[in-house]
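Here are my notes on the model you sent over. Have it open while you read.

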Amino acid sequence: MKYSSIESEYLIQLIKCALKEQPLPSPPENINWDKLIKLSKQQQVYSVISVLLDSTVLPPAQAEELNAYSQSELIRLLAMKSEFEQFEKELEDNQIKFMPLKGSVLREYYPQQKMRQMSDMDILYDYSKRDTLVKIMKSHGYRLTASCENSDDFFKNPFYTFEWHRELFFEESDFCPHFDLWANAVADKENRYKYHIEETEHFIYTICHMYKHYATNGCGVRFLCDIYLMLKKCCIHLEQAFDKLEEIGISDFSKDAVSLAYAVFDDNDVTDKQQKMLDFMLSNGVYGNMIVDYSQKLDAFNGSKFKYLLDRIFPSKKKMKADYRILEKKPYLLPAYYIIRLCTKMKYNSKAAKQELKEIKKIK
């Protein structure tokens with residue numbers, strides 16, 4: 001297996017040893033520690049490597065930086081976990097079915113939960129109880145920052161972020177696999193409205209989630225960590241999973257992802273195709289590179305930045321109905337909701353909008 005830099009190669013070695021609870025591998029003599037720490041931040045794996053690296057290995061400045069990142073992540077993890085435990089009781093009292101997804105489940109497979117970083121907490125829930133859920137969240141001081149295609153996003157200072165999903169994927173997107181996680185979910189023993197995702201279906205969902213990012217703006221190696229640990233620690237019916245993924249249309253991608261995970265962490269051989277896949281993942285952040293995403297979206301408008309920006313400010317009726325369900329019953333309110341959407345974005349997402357404009361200008 002080849003690597004574009006000694007920092008990316010050593011990062012993979014560190015991740016492998018941390019996941020397999022092996023001793024610290026000796027660092028190369030000419031390693032650039034600043035570059036390594038930056039790469040671990042981009043890939044959101046600094047909490048993984050921090051269990052091996054400390055001030056006895058790192059220079060003082062980098063040791064302090066890495067320790068600060070990992071400690072803040074631990075504090076955030078414990079706070080989010082405590083916050084969610086409060087919601088669980090209220091969800092039960094209000095008879096709202098819910099199922100934790102993504103990082104909140106995947107972290108259970110890591111040697112230490114703090115090793116699996118999360119930007120937010122994702123929960124699938126019974127959308128028929130949305131009004132009650134919104135009241136619960138607002139009663140805890142949360143504001144509804146976005147009602148997106150398939151989720152309602154809530155935020156509270158300093159860092160609490162929850163995404164409540166009504167669907168797994170957006171119906172109108174190019175990639176929208178259909179499978180029902182509720183069908184084979186396992187009921188919790190203590191909370192009759194809490195459900196746990198079935199392991200093989202969780203694996204299928206994780207591969208689909210990875211593909212969604214990989215096919216748009218890319219994804220990082222943390223997905224490989226998740227896949228590898230699931231394969232090692234869960235009872236996954238792999239042939240059944242591949243059959244379903246073939247139905248979805250991503251059979252080749254899923255097999256390459258599994259083979260690459262084994263190659264990276266068990267030192268198996270890789271094909272040229274899988275090597276390119278790894279290079280692409282290491283060249284981007286955990287959720288890829290937005291330049292790639294913006295470029296692909298510009299292609300849909302024949303490279304016209306004006307048409308692209310017009311679509312971003314005034315999305316299609318389908319997109320608006322997905323974001324604001326009231327428009328399904330009252331379509332005449334569409335002009336008013338274009339204004340509401342614009343005001344909301346300017347209030348809560350102006351920084352992101354400015355960054356997007358900056359990146360769009362770079363694209364030729």
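1. Which residues of the largest nonpolar core touch the most other members? They are Ile 15, Leu 19, Phe 203, Met 210, Leu 224 and Ile 227, out of 72 residues in that core. A core here is a set of buried Ala, Val, Leu, Ile, Met, Phe, Trp, Tyr and Cys residues joined through side-chain atoms within 4.5 Å, with buried meaning under 20% relative accessible area (1.4 Å probe, protein chains only).

2. Before going on: this is a predicted model, where local features need pLDDT of at least 70, side-chain atom pairs count only at pLDDT 80 or more, and totals for chains, interfaces and linings use all residues. Residues are numbered from 1 along each chain as its sequence is written, and side-chain values use heavy atoms, without hydrogens and water.

3. Take Phe 203: leaving aside neighbours within four places in sequence, Phe 203 is in contact (heavy atoms within 4.5 Å) with Ile 227, Met 230, Leu 231, Ile 236, Leu 238, Ala 241 and Val 258. Another core, of 21 residues, lies apart from the largest one and includes Leu 91 and Tyr 160.

4. In H9, Phe 242, Leu 245 and Glu 246 meet Ser 251, Ser 254, Lys 255 and Val 258 of H10. Helices and strands are DSSP runs, at least four residues (H or I) and at least two (E) respectively, numbered from the N terminus.

5. Now the sheet: five strands, open, in the order E1-E2-E5-E4-E3, with mixed pairing. Pairing takes at least two DSSP bridges between two strands. E1 (98-101) and E3 (143-147) are the edge strands, each with a single partner, so one side of each has no neighbour in the sheet.

Conventions
Buried means under 20% relative accessible area, exposed over 50%, partly exposed in between (1.4 Å probe, protein chains only).
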